[in-house]
Amino acid sequence: MQNTTTRHDWTVAEVEELFALPFNDLLFQAQTIHRQHFDPNEVQVSTLLSIKTGACPEDCKYCPQSGRYNTGLEKEKLMEVQRVLEKAKQARATGATRFCMGAAWKNPPKKDFPYVLEMVKGVKKLGLETCMTLGKLSREQTQQLKEAGLDYYNHNLDTSPEFYKNIITTRTYSDRLETLSFVRDSGMKICSGGIVGMGENSSDRAGLLVNLANLPQHPESVPINMLVKVDGTPLDNVEDLEPFDFIRCIAVARIMMPKSHVRLSAGRTDMNEQMQALAFMAGANSIFYGECLLTTPNPEAHKDKLLFKKLGINPERRVVEHDDEEQEIELLDQVQKKQDEALFVDAAAV
Ligand code: SF4
């Protein structure tokens, strides 16, 4: 059994040993560690919105938003701030506690950045945690996002440094590490993970997790994505990953980063309920609600609620700080709800 103190000195060889454990032993270890740090029956729920879609100059070979591949995706300009806030309100109503906003950029353009900051301020005011993924950031932009109230910044390492050149050539691994270090220095929390099933081997999966876990501080959120093969992207024909290897990856991430939220991210539509349950058993404790993840499909919210019910899982609650105006609206909502309930009960009694 692994020592569960937080470590930052993992080697690829010892992580490969974890991957090679008998499946049941690995899951037992991951579940034991999971229970030391989290309520095993709680899952954190986020919602993700694409605020600017397509025409990205980068060449990430898995991504339908790259302007280099013909995937039939409709490009959209930066969404209006008001529309983003409406979507955030809807997400809050379905039980999301964090609202993530993603834009397909190499880095945020100067002309759009003030609007992005307004989005962060507005979503924060709604009492939601805020997260953004906008590409590479400068130190100054990172600081401005922090000041606007951004809680998390998502920037994935994607894969191991060795396999990386097969996937992206327009941004370096060290660019990614630099953005992560700016985010950490600003005091924001980090969301960083990767994608599996892109044709990498298990040593690459170990290399990805080693690079995440050996950061000076573990990312608070670690999304593990299963590749969604999109027609027209260079990876649309890559061989399927054995589902148990995906679960192994979740379990090893849980063991290596015991206090992080490990997120079951893209690829959930290709997983049946049993596989998702195994992922929760292996230590995944965060998901995205909503019908799509940026541009790829995601299970509908009611299916997730049904699965939670079958498994006895509850969405993670957090204390939400509201400003006065929001608090007043919420109180009025609650009063209205009580009145509606009373009417309903009265009517039923007649
Ligand atoms: S993953 Fe992000 S950076 Fe890469 S092509 Fe897609 S939108 Fe652009």
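Which residues does the UniProt annotation "binding site" (unreviewed entry) cover? One set that comes from that record is C100, C131, C191 and R263. In sequence they span 164 residues, yet no two of their C-alpha atoms are more than 14.0 Å apart, so they gather at one spot. Before I go on, a caveat: what you're looking at is a predicted model.

Quick overview, then. The protein chain has 12 helices and 12 strands. It has 350 residues, and 42% of them are buried. If you take the contacts between residues at least 6 apart in sequence, 80% join residues at least 24 apart.

Okay, back to that spot. C131 sits in strand β3, residues 129-133. Is C131 buried or exposed? It counts as buried, because it has 24 C-beta neighbours inside 10 Å, and the cut-off for buried is 20 or more. Leaving out residues up to four places away in sequence, C131 touches S46, R98, C100, D151, Y152, N154 and C191.

Now R263. You'll find R263 in strand β8, and R263 is buried too, with 24 other C-beta atoms within 10 Å. Again not counting residues up to four places away, R263 touches G193, S221, V222, P223, I224, A284, S286 and I287.

S286 and I287 take us over to strand β9, residues 286-289. Both faces of β9 are covered: S286 and F288 are buried on one side, I287 and Y289 on the other. So what does β9 pair with? Strand β8, residues 261-264, pairs with β9 in the parallel sense over two bridges, and there L264 has I287 as its bridge partner. Strand β1, residues 42-52, also runs parallel to β9, joined by four bridges. On that side, Q44 is bridged to S286. And if you follow the chain from β8 through helix α10, residues 273-281, to β9, you get a right-handed β-α-β unit.

Next stop, the ligand. Which residues are around the ligand? They are C56, E58, C60, C63, Q65, S66, A104 and G135. By class, that shell has four nonpolar, three polar and one charged residues. Three of the cysteines in it, C56, C60 and C63, are also listed by UniProt under "binding site", again from an unreviewed entry.

Let me zoom in on two of them. C60 is in the loop between β1 and α3, where α3 is residues 81-93. C60 is buried, with 23 other C-beta atoms within 10 Å. Beyond its neighbours within four places in sequence, C60 is in contact with S66, I167 and I168, and S66 is itself one of the residues around the ligand. C63 lies in the loop between β1 and α3 as well, and C63 is buried, with 26 other C-beta atoms within 10 Å.

N107 is in the loop between β2 (98-103) and α4 (113-125). With 17 C-beta neighbours inside 10 Å, N107 counts as partly exposed. Setting aside neighbours within four places in sequence, N107 is in contact with G135, K136 and L137, and G135 is one of the residues around the ligand. The C-alpha atoms of N107 and L134 are separated by 6.1 Å, although these two are 27 residues apart along the chain.

Technical notes. Residues numbered from 1 in each chain as written. Predicted model: local features only at pLDDT ≥ 70, side-chain atom pairs only at ≥ 80, totals over all residues. Near = placed C-beta within 6 Å. Nonpolar A, V, L, I, M, F, W, Y, C, P; charged D, E, K, R; others polar. Buried ≥ 20, exposed ≤ 12 C-beta atoms within 10 Å, placed from the backbone. Pairing = 2+ DSSP bridges. Right-handed = clockwise from strand over helix to strand, strands pointing away. UniProt positions renumbered as here; feature names shortened; annotations may be inferred. Contact = placed C-beta atoms within 7 Å.
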